[in-house]
Amino acid sequence: MTNTIDKVAMADLLSIARVMRPLIHHLTNDVVMNDTANMTLFFGGLPVMTAAREEVVEMVQAASALVLNIGTLTPAQVETMLIAGHAANARNIPIILDPVGAGATQLRTDAALRLLRELRIEVLRGNLGEIGAVSGMGGEMRGVESIGSDADPRTLAREAARSFKTVVAITGPRDLISDGQRLYGVDNGHNWLTTLTGTGCMATTAIATCAAVATDALLATTTALAAYGLAAERAAKTAGVHGPGSFKAAFFDQAYTLTSEQLYNHARIVDLSDPTATA
Amino acid sequence: MTNTIDKVAMADLLSIARVMRPLIHHLTNDVVMNDTANMTLFFGGLPVMTAAREEVVEMVQAASALVLNIGTLTPAQVETMLIAGHAANARNIPIILDPVGAGATQLRTDAALRLLRELRIEVLRGNLGEIGAVSGMGGEMRGVESIGSDADPRTLAREAARSFKTVVAITGPRDLISDGQRLYGVDNGHNWLTTLTGTGCMATTAIATCAAVATDALLATTTALAAYGLAAERAAKTAGVHGPGSFKAAFFDQAYTLTSEQLYNHARIVDLSDPTATA
Amino acid sequence: MTNTIDKVAMADLLSIARVMRPLIHHLTNDVVMNDTANMTLFFGGLPVMTAAREEVVEMVQAASALVLNIGTLTPAQVETMLIAGHAANARNIPIILDPVGAGATQLRTDAALRLLRELRIEVLRGNLGEIGAVSGMGGEMRGVESIGSDADPRTLAREAARSFKTVVAITGPRDLISDGQRLYGVDNGHNWLTTLTGTGCMATTAIATCAAVATDALLATTTALAAYGLAAERAAKTAGVHGPGSFKAAFFDQAYTLTSEQLYNHARIVDLSDPTATA
């Protein structure tokens, strides 16, 4: 097990997003909109949450990445996502898909699969159950919460990436990120994240903001998840954090103030690319 | 006036919700979704906020309780609520109805009454004006804020419970909970709650999470409101609470960390079941 | 440059809103609803966020001001805004328009212009790019973020006010407020506001709450923006503010607790009515 990721490139990427301020267009769920808009800002992007079919194509023209999040999907919203997604593909800006609750209902699983089939998705981020469900490898969900998967998470990340020709991120205590060949684990993070709604969705937004300014989606995803997890770690240590409410405020502070140097020094990435390696 | 409620059962219920992690399906308003999803987590439940008619029946199959909240209702949403509600009744999982703004417009009053008529509602929670309005006992509203009711609140709680064959909770400085026979008052709570939007909706969610794991809806409702109010009290005493913003963070901390023992020791319940009693 | 605004009237207005508790009806975007509802409460108003075409007219009958915010508009929502707006005009309650993202897409620019043309708007509040775009004076937007305008901001505020026969507020490091004749600058505020989503929308809500109880819309707008900015300044100085998360909680605290006396003493208003004056 060697850490082959380029940490200098990771640190640079965090800075670049904050300088370039990419516009991140979200078609997302109603529960987390405020939090994901804020997380976009903290990572350096500019959020826009347009939902109208009549303007998504025009908005995509100005955007540097497109987030598709099916957390409160309707069939009409999926059509809008396809319209926006085709425009994003035509412009070659990355699409980041969050298949919230795939596996919980047929509508969600079908919507996620349709988006994966009809669009070129750059990054697919979900929990173990969601990625298991869309991959047909037995993900189990209770609502939007992962109950687990029969598959080994590392195999799942790699196989899903190969199958969908995309970068796959399975977030959890150890985040797993693969492009089908390479496989990284990110050990940054904190358990407080599990006490709040929308922390997966916010991670997706962080990925989109990094992917918007990167050429290597695997690097962008790993950078975003390490930075996101590190901000949570740092927040948890803040004086005055006694529960999810104070943690959330401290987490937002840290996500905004996290420096490239801190990321360089404290990102905890393991290279799991060699399938025989253990960590 | 004797305190006849079983405080051991109350304390147990709070623990049970956190162990069982019931899925709470919300059809709710757009203003409070993030807060109510979080409050579900803090009380031990798992939130899902599905709004699509095409998937509510399937989601209800996995749920342990259903919240119907008409805070930003549309006629189409009421139809979806009826579909989800019939599925919930068929599975015998409790439906908790929050008639936000009933009495403020005809659409809201009619929607609340239709849901009460066509579905078997386990708990109806509102403020004095809302419960007065749906009961036809003269509730007065300004928007979603109660201006009051001509009726005596205790009579109103009891009569509404009898009339709708449900548990009724009227929240306010003293919460009143009745199943038509028994009547409890909960004196936990704090005035900071009135400075924030959605605190009534969050109370409804707390009730749903407790009702999802209880057989006695009156006990579940009383437990939830006492725990909710106690968390607010404890938050108000936290160092660094200087207004609604810091209170909200502290309240979330306390709702999540509140123990069964604290609830047992500090729940302030009065038994008002004897109509001749005064308190 | 003389400070001709009546600071006693400003201080009084803040108190009056808190005594009268005007109902503020919002047709607004999905991202900021919770925050704008809360800001309404902090300034003394009662928020209601009704979105259903079937009830907006009835809700307007009880309201003291109407906010129209196109942040996540759809063509159907614009029609609902017109229905609500005509009812508001018929009752002579003020309409406050926030043209979020005007200039970013044709749909938004057209919607803002249509609302301005078909309704009598009391106050139009936007950033420099938005007001430039609706005025046809070259506003540039990236999503909902202003990139700037070719026009001099002071000329723009004055000309837009004249052209639309409304009070115009252009918020930024210095807020500019004009009724076409008078022109005030408000220097209260803090840079932390730019790190959070929805701070423009919340400013609009603060204006609406003041305008609901005032006869002079210019005074109401100036009062609201000075109080809003002053709350931000005071929050920024609070012990424990280390980033956007802790700032937001402190800002909410200060918005709620700000006194008329503090506003009187610390409002920083410059009178720019004389076009030859510099500041």
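Strand β10 (residues 183-186) of chain B pairs with β11(B) in the antiparallel sense over 3 bridges, where strands count as paired if DSSP finds at least two bridges between them, and where helices (H or I, at least four residues) and strands (E, at least two) are DSSP runs numbered from the N terminus. Within this part of chain B, Tyr184(B) stands opposite Asp271(B) of β11(B). This is a predicted model, in which local features need pLDDT of at least 70 and side-chain atom pairs count only at pLDDT 80 or more, while totals for chains, interfaces and linings use all residues. Residues are numbered from 1 along each chain as its sequence is written, and chains are lettered from A and ligands numbered from 1 in the order in which they are written.

The two strands belong to an open sheet of 9 strands in chain B, with mixed pairing and the order β2-β1-β3-β4-β5-β8-β9-β10-β11. Because β2 (46-48) and β11 (269-271) of chain B stand at the edges with a single partner strand each, one side of each is left without a neighbour in the sheet. From one strand to the next, the twist averages 20°, with axes taken as lines fitted to C-alpha atoms (for helices over the stretch in contact) and angles running from 0 to 180 degrees between N-to-C directions.

Helix α2 (residues 33-42) of chain B packs on this sheet, touching β1 (23-27) and β2 of chain B, and its direction makes about 155° with that of β2(B); contact requires that the C-beta atoms of two residues, placed from the backbone, lie within 7 Å. Helix α8 (residues 199-211) of chain B also packs on the sheet, where α8 touches β1, β3 (65-69), β4 (95-98), β5 (123-126) and β8 (167-170) of chain B and makes about 160° with the direction of β3(B).

Between chains A and B, 30 residues of chain A are in contact with 30 residues of chain B. On the side of chain A that touches chain B, α2 (33-42), α5 (106-118) and α10 (244-257) of chain A each supply at least two residues, and the largest share, 4 residues, comes from α10(A).
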